[in-house]
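Work through the exercises below with the structure in view. Try each task before you read its solution.

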Amino acid sequence: MEGKGGEQGLKEIKRMNAAQAIVECLKRHEVENVFCVPGESYLPVLDALYDQPSIQVISARHEGGASFMAEGYAKSKLKAGVVFATRGVGAANLSIGVHTAYQDSTPMVVFLGQVHSKFRGREGFQEVNLENYFQEIAKWSVELTDAERTPEIIQRAFRIAHSGRPGPVIVSLPEDVLVKEAEMQFGPVAPVPKPAPSQIEIKQIESELQAAEKPIIIAGGGVKGARAENKLIEFAEKYSLPVIAAFRRQDVFPNDHSLYVGHLGLGTGKEVIDTVAEADVIIALGTRLSEVTTQDYSIITSEKKLIHIDIDFQTLGKVYPPEIGVVADLNEALQALMIIEIKTKWKKWAEHRRNAFQEVSYLEKKPEEVLNKNIIAVLKEKLPEDALLTNDAGNFAGWLHAFYPFRKAHTYVGPTSGAMGYGMPAALGAQLAFPEKTVVSLSGDGGFMMTGQELETAVRYKIPVICLVFNNKMYGTIRMHQEMHYPGKVMATDLGEVSFVDFAQSLGVSGFKVTTLEEFETAFEQALQGFNPVLIEIVTEKEQISVSSTITELRKRAMK
């Protein structure tokens, strides 16, 4: 039987080789972009992709960059990012993106070429046992050993990547299996399960909230993954519940909303921590309550009641035992909870906590402010509300997290894994997911140099991202911790002189170097008017090492 590919619910049999069957599965799952560094071990797949015009292949300069692109694409598009690489060496290079996807609950399907089946176990050229290699940082890792089972394995890989807590799946592809032909039986594209709370669980939650005096919501990536942002707004508004965003999930709730009371991240201010401290009931929605979100597992204390709702049963109780733990899709859960009847006693407290947040997050351009903060003010002023921002790891991101107001859904992509080199390649993925949006990446000089070569990828595929590089010639975050624990003993954190403008221009990217607010405003205006990649190098001082402290202040505190 033959039928139209890509149609859900359709079963059919086609004769083809395994490589062609992989591409057919990609088509059926409506994959539009795949990211790769080419390798001889999976040349048959590249050949099959050549014959499939509906899928664009983005060839990157490094597997780490390719994996970050796929992860940033998946976070933005809310569908599995697909990346290809070759054998052990390519696998090792892209493993940082797999780890990021695992910690960030991002669906990815990673295809890795593997040595010929007859060479396995002999330490063949670039051989690694890929199933074992990725076991700790993937939801599932599997090797395709039988060509006839290709549709079964690939379709299962997509189901696992999307179902429950999303994450990365690894598929190892021995080169000899890819060229074998078989009768391929394709099954339907299965919908993602969306469990809902039981009536008993809803009544239990109603009872806890009825007794609450100061409840709050901590909202995480599960809300975004379920596309439940609007449901969260309705739920929070109906019951006047203050909302805090989990680490690097700031766009889960409008930051300009009267019920938004902050972000639990690195360097979170005392005012936001105080909100959690005063709360007696915490409703954790779609968050694994990570080390950063919980401020080193310190803010959810024993006297607080925890209501934890998540799509993954293993998340419940993994960090804190909940009073009520519910396995549910967040869209279904929030819809179900709209029927509860409670008397809200906390409206004044919610207003007070909102005011406290506004006092510390207020933002406007001021000559006396540090350059980093003024730049965030320019972004707020100049960018459309639906612009999407990505960031790398580094202290420069502290100003973004503390002051930029994310007002719309799908406007932020950041690594909860804290991976350096993430920001710019993730922006390429995000731009491909949302070609109509303005996409801006923020990176430090240390992180940018780890994947900066992907600017050439942006040029080659005409991906018009705006890259901001904050250059203070050091690994700033590590230097900060160094000064806190070993004041004045600077080791390995200083970096040399790099002209990022010259680097960008050598790749065909428009480049600007700025040292003042006025120069940045002029450069950024020009960047917004173009349709090509742009890099703006922002020269900053080492002394202002974080939002709250200078190097001198850190040393003084450490030496007391």
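## Exercise 1: Around strand β20

β19 and β20 run parallel and pair over five bridges. The model is a predicted one.

**Task.** Find which residue of β20 stands opposite Gly511, and trace how β18 is joined to β20.

**Solution.** 
- Step 1. Start from Gly511. Its opposite residue in β20 is Leu535.
- Step 2. Turn to β18. Six bridges join β18 to β20, and the two run parallel.
- Step 3. Pick one position there. Val469 stands opposite Glu537 in β20.
- Step 4. Check burial. Five of the six residues of strand β20 (residues 534-539) are buried, so β20 is largely enclosed by the rest of the structure.

## Exercise 2: The sheet that holds β20

**Task.** Give the strand order of the open sheet that contains β16 and β19, then say which strands are at its edges.

**Solution.** 
- Step 1. Write the order. Six strands follow one another as β16-β15-β17-β18-β20-β19, with parallel pairing.
- Step 2. Read off the edges. These are β16 (412-413) and β19 (510-514), and each pairs on one side only.
- Step 3. Strand β17 (residues 439-444) and strand β18 (residues 466-471) are parallel and share five bridges. Gly444 stands opposite Phe470 in β18.

## Exercise 3: A glycine in α16

**Task.** Is Gly423 buried or exposed? Which residues does Gly423 touch, leaving out those up to four places away in sequence?

**Solution.** 
- Step 1. Gly423 belongs to helix α16.
- Step 2. Apply the cut-off. Buried means under 20% relative accessible area. Gly423 has 0% relative accessibility, so it counts as buried.
- Step 3. List the contacts. Gly423 touches Thr390, Asn391, Asp392, Ser441 and Ser443, with residues up to four places away in sequence not counted.
- Step 4. Compare sequence with space. Gly423 and Asn391 are 32 residues apart in sequence, and their C-alpha atoms are 4.4 Å apart.

## Exercise 4: The other six-stranded sheet

**Task.** Work out the order of the open sheet containing β11 and β14. Then find which helices pack on this sheet.

**Solution.** 
- Step 1. The order is β11-β10-β9-β12-β13-β14, and the pairing is parallel.
- Step 2. β11 (260-263) and β14 (324-327) are the edges. Each has a single partner strand, so one side of each is left without a neighbour in the sheet.
- Step 3. Neighbouring strands of this sheet are turned by 15° against each other on average, direction ignored.
- Step 4. Follow one pair. Strand β9 (residues 215-219) runs parallel to strand β10 (residues 243-245), joined by three bridges. Ile218 has Ile244 of β10 as its bridge partner.
- Step 5. Helix α8 (residues 199-211) packs on the sheet, touching β9, β12 (281-285), β13 (305-310) and β14. Its direction makes about 140° with that of β14.
- Step 6. Helix α12 (residues 330-337) also packs here, touching β12 and β13. Its direction makes about 130° with that of β13.

How values were computed. Residues numbered from 1 in each chain as written. Predicted model: local features only at pLDDT ≥ 70, side-chain atom pairs only at ≥ 80, totals over all residues. Heavy atoms only, no water. Pairing = 2+ DSSP bridges. Helix = DSSP H or I, 4+ residues; strand = E, 2+ residues; numbered from the N terminus. Axes fitted to C-alpha atoms, helices over the stretch in contact; angles between N-to-C directions. Contact = heavy atoms within 4.5 Å. Buried < 20%, exposed > 50% of the residue type's maximum accessible area, 1.4 Å probe, protein only.
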